[in-house]
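Q: I have a structure open on my screen and would like to learn how to read its side chains. Could you walk me through it?

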Amino acid sequence: MTRRKRDLMFSAFIDAGGEAAELVSGYQNPDTTHDLARQLDFHGLYGSVGSDFHYPGGPLAPGTISPPPRSHVRPVWCHPALRRFAGGE
């Protein structure tokens, strides 16, 4: 998907009430991850990393996905609606 198409998709997603998107999904090219992080930050979206967990020790188990890039993207677990689940309330 081109960057322009992703921008249009994110705009439509936000218009529909979307607030977060997956930043890292399995093994992906670091350049793609950095570009996606810039887009999420630009659009003010929260980001998640590898939510597709199936079973311990599996190919998508925690710690086996590409690392998140250093960016200004706010982690989805910092969303105000999730604060009580993260022990903040």
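Q: Which ring does the charged end of Arg-74 sit over?
A: A charge sits over a ring if NZ of Lys or CZ of Arg is within 6 Å of the ring centre and within 35 degrees of the ring normal. In this predicted model, the charged end of Arg-74 lies over the ring of Tyr-46, 4.0 Å from its centre.

Q: What should I know about the numbering and the cut-offs of the model?
A: Residues count from 1 along each chain as its sequence is written, and side-chain values use heavy atoms, leaving out hydrogens and water. Local features need pLDDT of at least 70, side-chain atom pairs count only at pLDDT 80 or more, and totals for chains, interfaces and linings use all residues.

Q: Which residues of H1 are buried?
A: Helices are DSSP runs (H or I, at least four residues), numbered from the N terminus; buried means under 20% relative accessible area, exposed over 50%, partly exposed in between (1.4 Å probe, protein chains only). In H1 the buried ones are Arg-6, Asp-7 and Phe-10. The face turned away from them carries exposed Arg-4, Lys-5 and Asp-15.

Q: How many salt bridges does the structure hold?
A: Side chains of opposite charge can pair when their charged atoms come close. With a salt bridge defined as a side-chain nitrogen of Lys or Arg within 4 Å of a carboxyl oxygen of Asp or Glu, the structure holds four. Among them, Asp-35 pairs with Arg-3 at 2.8 Å and with Arg-6 at 2.7 Å. Arg-6 and Asp-35 are both buried. Shared partners join Arg-3, Arg-6, Asp-7, Asp-35 and Arg-38 into one network.

How values were computed:
Helix = DSSP H or I, 4+ residues; strand = E, 2+ residues; numbered from the N terminus.
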